[in-house]
Amino acid sequence: MAPTELVLATGSMLAAFVAVVLAWKLRVLEARVASLEEGLRRQTGLVEEIRGELKATSRRLTVLEKAVAKALESYEAEEMLERLRRKRRRRYIVFYVVTEDGSTPKPEDVEKAVLRALERLAGQLAVASSRVQLVYYVPEKAAGIIRASHETKYLVLAALGLVRKIGDKKAIIVPVRTTGTIKTAKRVLGLTLRELKK
Amino acid sequence: MKACDLQLSPRSIEEAEAIAELAAAMGLRVVAFESEELEKARAYVEAAKRHGLEAYTRRTIEARSWVEAAKEVARVAARGFDIVAVRPRTAEAARLAARDPRVAIVQLPPGMARYMDRSQALMLREGGTVAEVRLLPLLRPGDPRTALRGIMVIVRRAAAYGAAFTVSSGARTRWELWSPASTRALLESFGVPPQLALLSLTSYCRQALHKALARG
């Protein structure tokens, strides 16, 4: 074989080898790209899945937030009501009644007279806010206890001064003392221990 | 603390007895009886003393013109009434009565609320005289708003300008008496500070009595 032929044969062999290697490399690369594409597709699916889950979680969180806000709101309202309830202190006014003929007026008449006097002095709003009530009455002594809110205590006491008639008889209500508890008020009335427990 | 009511106007000795009895039960300790006749007033005072009250005679002069009223004040003071009070009907009478050494009390009716101003308060302070409001108009039948407003304005202004003031019932019968607790509560519901409300029933009355009795 001539040297030229030898060179050519070797060259073509090398070229064929290179072509085979390149073809193999290309196939490997193609496989790699295909696997990467597959991986990417899988990742994209995962991302979509996560995005969906996040959306659902966010929706759930919004609902939860609304529920918490409502709960807080009602808690604050409850707290405010509790504060108001705590502020709503009461006072007990011990009084006795002096009538024209020394008779004892009925408790309903006494309460009515006090309410009328309070309305005349300070109006219906004061009657409503003072929550005046005759809580105890001793007919034998013509004395009793009126409950009122502590804020309107002065109005109720002043209204007692305006009472000049109970029922259809001339009468006067004399306030004796104002206390913070009904127990003390009953003590002021001079009730026995047994009566105090009633 | 002795609560006072410096104007009681009973029409008979029996009524004075009844008033004194109820006043003592209500917790009043010092009272003054109003009468045109000194003997009657003294009889009322004796009746009140029997119930353990410190009592004085009093005469209130209605003053339109101070020239006329001053003569009447001098006449009444000379007759021996313990307390001489003036119920002015004009601004001039209110101002001059406040500075008169013989006048212990200037009684302002609800209709004269506007006269209780800074200069009136100054004159009351200068003369040591006490302004007085009467609660009797509140007990009249009908709408009490006008009287209530007048009394409220006088009391508030007196408290704000630092003038001594007192509240009396002007009771003609025992059914027109006011208990000290109710009077004090009424003042406090007008917005007068509690200490001043108490002073108006105790120390300010004492101030009027001191001035009246110092006259000799």
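Predicted model: local features only at pLDDT ≥ 70, side-chain atom pairs only at ≥ 80, totals over all residues.

Modeller: Residues are numbered from 1 along each chain as its sequence is written, chains are lettered from A and ligands numbered from 1 in the order in which they are written, and side-chain values use heavy atoms, with hydrogens and water left out.

Biologist: How many helices and strands does chain A have?

Modeller: Chain A has 6 helices and 5 strands. Helices (H or I, at least four residues) and strands (E, at least two) are DSSP runs, numbered from the N terminus.

Biologist: Why is chain A called more spread out than a compact globule?

Modeller: Its radius of gyration is 48 Å, well over the 16 Å that the globule rule gives for 198 residues, so chain A is more spread out than a compact globule. The radius is taken over C-alpha atoms, and the rule is 2.2 Å times the number of residues to the power 0.38. The C-alpha trace of chain A spans about 160 × 40 × 20 Å along its principal axes.

Biologist: And what makes chain B as compact as a globular protein of its length?

Modeller: For chain B the radius of gyration is 16 Å, close to the 17 Å that the rule gives for 216 residues, so the chain is as compact as a globular protein of that length. Its C-alpha atoms fill a box of roughly 40 × 40 × 35 Å along the principal axes.

Biologist: What percentage of each chain counts as buried?

Modeller: Buried means under 20% relative accessible area, exposed over 50%, and partly exposed in between (1.4 Å probe, protein chains only). By that cut-off 26% of the 198 residues of chain A are buried, and 60% of the 216 residues in chain B are.

Biologist: Why is R79(B) called partly exposed?

Modeller: R79(B) has a relative accessible area of 41%, so it is partly exposed. R79(B) lies in helix α3 (residues 66–79) of chain B. Leaving aside residues up to four places away in sequence, R79(B) touches E36(B), E37(B) and L38(B), where contact means heavy atoms within 4.5 Å.

Biologist: What makes strand β4 of chain B mostly covered?

Modeller: In β4 (residues 83–88) of chain B, 6 of its 6 residues are buried. I83(B), A85(B) and R87(B) point one way and V84(B), V86(B) and P88(B) the other way, all of them buried. In a regular strand the side chains alternate between the two faces of the sheet.

Biologist: How do you know that β3 and β4 of chain B pair?

Modeller: Two strands pair if DSSP finds at least two bridges between them. Strand β3 (residues 54–63) of chain B and β4(B) are joined by 6 bridges and run parallel. Across this pairing, I61(B) stands opposite V86(B).

Biologist: Which strands of chain A stand at the edges, and why?

Modeller: The open sheet of 5 strands in chain A has the order β2-β3-β1-β5-β4, with antiparallel pairing. There β2 (133–138) and β4 (165–166) of chain A each have a single partner strand, so one side of each is left without a neighbour in the sheet. Within the sheet, β1 (residues 90–99) and β3 (residues 143–149) of chain A pair in the antiparallel sense over 7 bridges, and F95(A) stands opposite G144(A) in β3(A).
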